[in-house]
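Good morning. Please have the picture in view.

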Amino acid sequence: MDLESVAKELYTLHPTRFVGARTARVDEALAAGKAALAAQIAALRRPTLSAWAGNLLVHAEPKQVARLLRLGESLRRAHRNLDRAQLRRVSRQQHVLVAALSERARALTAEMGHPIGPAAQRKVEQTLHAALADRSAAEKWATGRLVKALVPPADFTATAATEASARRRTVDARTKPRQSRLKAEAAERRDRERDEEQDQAQAEVDRLEAALRELEERATVLAQQLHATAELRRRTRDDLDQARNRAAQANRAARKTRHAAGSVSRTALRGQTAGARASRPLTPVTSPAGGVRVPSAACAVPSPCCVALSPRA
């Protein structure tokens with residue numbers, strides 16, 4: 001298990017399954033003793049719906065992704081060089097490719113059982129335009145780990161909107177009568193109003209999702225700390241048990257040593273006592289019968305068994 005494979009798995013899951021899967025991978029990494037990897041996985045943030053759709057596109061259509069990145073380089077070069085002919089040509093390719101990739105992203109989400117709506121699909125298109133306009137945005141999108149939709153630079157958005165508006169006006173002037181144009185403009189205003197409402201609703205969703213992500217991240221950190229504390233407690237308990245066993249063994253050894261030393265001391269004392277008795281001088285004692293008793297060297301007190309009688313002088 002490594003960060004790249006885990007990130008690919010998580011960012012292709014529907015956002016509602018992201019947190020549970022991330023927590024499971026964090027636990028697996030901790031169980032495998034990979035604390036650093038667990039911290040990296042825990043730091044991965046849950047994506048929005050539009051970001052999830054963009055990530056699916058990156059992983060499912062790598063060739064089309066590479067094509068869009070090359071097209072973005074051509075478009076940025078045309079902007080820098082002010083090459084209007086090249087800019088028109090690349091812009092046409094850009095709109096065709098963005099529309100195709102946006103539709104493909106919607107289809108991929110439908111295949112996953114969670115088709116995105118029009119608002120999220122517009123966010124996908126916004127991300128694709130950002131990747132075309134800005135190299136760093138393109139690199140971020142190409143990782144397949146987007147957390148939220150990317151926003152193209154203001155000048156790029158204005159240019160694209162102006163070109164699209166000009167094309168629409170040209171078509172309207174050539175093919176539609178004035179009344180039809182008015183109806184089309186009214187419908188366009190209503191679409192813009194709906195888009196604004198959807199953008200506001202999506203902004204609220206993004207805000208709440210960000211708050212939820214923060215709480216989830218805090219919960220993950222607390223879970224990691226709890227796991228680490230439990231592991232430290234287990235190791236400390238094992239160390240305590242081992243220390244108690246060593247202390248008990250030391251006490252038993254000390255008692256054996258003291259017992260052996262006491263036995264040696266008692267034996268030595270008995271030997272000293274016996275030697276002192278053996279070296280004591282014998283004093284003859286005159287008996288009332290006129291005899292002389294000589295105590296035996298082995299007896300501390302004279303007794304009849306050790307009396308030797310001698311004639312009186």
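G54 is buried, because its relative accessibility is 4%; buried means under 20% relative accessible area, exposed means over 50%, and partly exposed is in between, with a 1.4 Å probe and protein chains only. The residue sits in helix 4, residues 49-60. Helices (H or I, at least four residues) and strands (E, at least two) are DSSP runs, numbered from the N terminus.

This is a predicted model, in which local features need pLDDT of at least 70 and side-chain atom pairs count only at pLDDT 80 or more, while totals for chains, interfaces and linings use all residues. Residues are numbered from 1 along each chain as its sequence is written, and side-chain values use heavy atoms, with hydrogens and water left out.

Back to G54. Not counting residues up to four places away in sequence, G54 touches V124 and W141, where contact means heavy atoms within 4.5 Å. G54 and L128 lie 74 residues apart in sequence, and their C-alpha atoms are 8.4 Å apart.

V124 and L128 come up again with S102, which is in contact with Q121, V124, E125 and L128 once neighbours within four places in sequence are set aside. S102 belongs to helix 6. Is S102 buried or exposed? With 1% relative accessibility, S102 counts as buried.

Helix 6 covers residues 84-111 and also holds R92. R92 is exposed, because its relative accessibility is 53%. Together with R84, R88 and R89, R92 forms a patch of positive charge on the surface. For such a patch, residues need over 30% relative accessible area and no salt bridge; like charges are joined within 9 Å, and nonpolar side chains (Val, Leu, Ile, Met, Phe, Trp, Tyr) within 5 Å. Lys and Arg count as positive and Asp and Glu as negative, with His and the chain ends not counted.

G117 has a relative accessible area of 34%, so it is partly exposed. From G117 to L49 is 68 residues in sequence and 9.4 Å in space, C-alpha to C-alpha.

Next, the salt bridges. How many salt bridges does the structure hold? There are ten, each being a side-chain nitrogen of Lys or Arg within 4 Å of a carboxyl oxygen of Asp or Glu.

One of them joins E4 and R145, at 2.8 Å from N to O. E4 is in helix 1 (residues 3-11) and R145 is in the loop between helix 8 (135-142) and helix 9 (154-175), so the pair ties together parts 141 residues apart in sequence.

Another joins R25 and E9, whose closest N and O atoms are 2.8 Å apart. Because R25 is in helix 2 (residues 15-31) and E9 in helix 1, this pair ties together parts that are 16 residues apart in sequence.

R235 and E231 also form a salt bridge, at 3.1 Å between the closest N and O atoms. Both are in helix 10 (residues 178-278), four residues apart, about one turn of the helix. E231, R234, R235 and D238 are linked in a network of salt bridges.

Last, the whole chain. The protein chain has ten helices and two strands. Of its 313 residues, 29% count as buried. Among contacts between residues at least 6 apart in sequence, 61% join residues at least 24 apart.

Methods
Accessible areas come from the Shrake-Rupley method with a 1.4 Å probe; for residues, only the protein chains shown count as cover. The place of a charge is taken as NZ of Lys, CZ of Arg, CG of Asp or CD of Glu.
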